[in-house]
Structures are given as structure tokens and as C-alpha cells.
Amino acid sequence: VNHRDEPGIFFLTEYLENRLAVMLGPMTYGLPYHLGHFHHDTVSTPKGSLTYHAHPSNDTYQASKPGSLDEFLFERYSAFTRLRGKRRVFRIRHEPWVQRRFNIELTDTSLLINTEPWFAHAKLSCAHQSPGLVGVELSRPLAPDPIYPKGA
């Protein structure tokens with residue numbers, strides 16, 4: 001999403017195995033965490049499953065090229081959320097993500113469709129793998145300025 005000229009991210013749903021994070025994420029940051037069970041290439045919840053077959057591309061891990069789709073997807077330093085019914089934004093600081101593309105074949109998307117029905121018409125654009133980051137810093141959630149869009 002963009003708020004004024006500030007690019008950011010707005011998570012629709014996130015699935016985690018860590019029960020403590022699932023409890024604390026929504027309470028502290030307004031993040032839409034839900035409990036999921038991960039087994040090999042499947043994420044399962046009471047709402048359905050996401051099953052995939054993943055094969056790494058021949059790409060090497062690297063930072064995203066400026067102006068690329070990968071940069072658009074990875075390099076977000078503001079997150080927009082709702083916390084107790086109020087719009088919030090928190091800032092994120094980290095080194096650029098290193099990542100590589102992955103080839104993905106989706107075989108069960110019932111979790112996506114049952115969570116957000118419009119996903120039934122969505123097409124997979126790309127998938128990535130990252131070894132992760134160390135030293136990610138998050139600010140506390142703040143009230144954005146009053147022009148923050150009501151629908152977000």
C-alpha cells in the first residue's frame with residue numbers, strides 16, 4: 001500500500017506456528033496472526049490448507065534490484081495495521097533482504113480461498129526464499145496522520 005508517498009505493507013492474514021506470537025502480534029501491533037500447522041510443503045488450519053511443491057531456481061541469494069518487483073515486495077519499511085479498532089503504523093528497520101526466486105506449484109489453495117474468497121481469482125505472481133535477517137528493529141505502533149485512508 002501507499003500512504004501519501006510512503007510505501008508500506010498491509011498484511012491481510014499471516015499464519016504462524018508460535019502460539020505466543022499469535023497471541024501477542026495482534027495485541028501489540030494489530031497484526032493478523034493466526035495459528036497454522038506447518039508440515040513439509042503444507043500449511044493447515046481449520047479453515048483449509050495451502051499445499052505446494054517448491055523447487056529453487058538457479059538464482060543466487062542477493063538483494064533486490066532497484067525498481068524491480070522483488071524490491072517492491074521485500075523492501076517495505078512501514079507497516080499499516082489496525083490495533084483495537086484504530087489505524088496504526090509502525091516502522092521497520094533492517095538491512096536489505098537477500099532472497100532468490102523459487103518455482104512453486106500450488107496443489108491445494110483452500111486456505112487462501114476460505115480466508116479471502118477473492119483469492120479464488122488470484123494468480124501466483126512469484127515466490128521467494130530468504131535465509132532471513134538478523135537485527136530487524138520495529139518501532140512501537142503509532143497513530144498515522146489523519147489523512148490515512150479509511151478503507152485500509
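The legends below describe views of a predicted model.

**View 1. Overall fold of the protein chain, with three helices and 13 strands.** The radius of gyration is 16 Å, close to the 15 Å that the globule rule gives for 152 residues, so the chain is as compact as a globular protein of that length. Along the principal axes, the C-alpha atoms fill a box of roughly 45 × 40 × 30 Å. Of the 152 residues, 29% count as buried. The accessible surface comes to about 10100 Å², and carbon and sulfur atoms account for 57% of that area. Among contacts between residues at least 6 apart in sequence, 67% join residues at least 24 apart.

**View 2. The aromatic pair of Y29 and F90.** The structure holds three aromatic pairs, one of them formed by Y29 and F90 in an edge-to-face arrangement. Their ring centres lie 4.7 Å apart, with 65° between the planes. This pair links distant parts of the chain: Y29 belongs to helix α1 (residues 19–29) and F90 to strand β10 (residues 86–93), 61 residues apart. Both Y29 and F90 are buried.

**View 3. The aromatic pair of W118 and F119.** The rings of W118 and F119 are tilted, with 35° between the planes and 4.4 Å from centre to centre.

**View 4. The charged end of R76 over the ring of F72.** The distance from the charged end of R76 to the centre of the F72 ring is 4.1 Å.

**View 5. The open sheet of β9, β10 and β13.** Three strands make up this open sheet, in the order β9-β10-β13, with antiparallel pairing. Strands β9 (78–83) and β13 (137–138) stand at the edges, each with a single partner strand, so one side of each is left without a neighbour in the sheet. Strand β10, which also carries F90 of the aromatic pair with Y29, stands between β9 and β13 in the strand order.

**View 6. The antiparallel pairing of β10 with β13.** Two bridges join these strands. In β13, L138 stands opposite I92. Strand β13 (137–138) is an edge strand of the sheet, with a single partner strand.

Conventions:
Residues numbered from 1 in each chain as written. Predicted model: local features only at pLDDT ≥ 70, side-chain atom pairs only at ≥ 80, totals over all residues. Heavy atoms only, no water. Phe/Tyr/Trp six-rings, centres within 6.5 Å; stacked < 30°, edge-to-face > 60°. Helix = DSSP H or I, 4+ residues; strand = E, 2+ residues; numbered from the N terminus. Buried < 20%, exposed > 50% of the residue type's maximum accessible area, 1.4 Å probe, protein only. Lys NZ or Arg CZ within 6 Å of the ring centre and 35° of its normal. Rg over C-alpha atoms; globule rule 2.2 N^0.38 Å. Contact = heavy atoms within 4.5 Å. Areas by Shrake-Rupley, 256 points an atom, 1.4 Å probe, with all protein chains shown as cover. Pairing = 2+ DSSP bridges.
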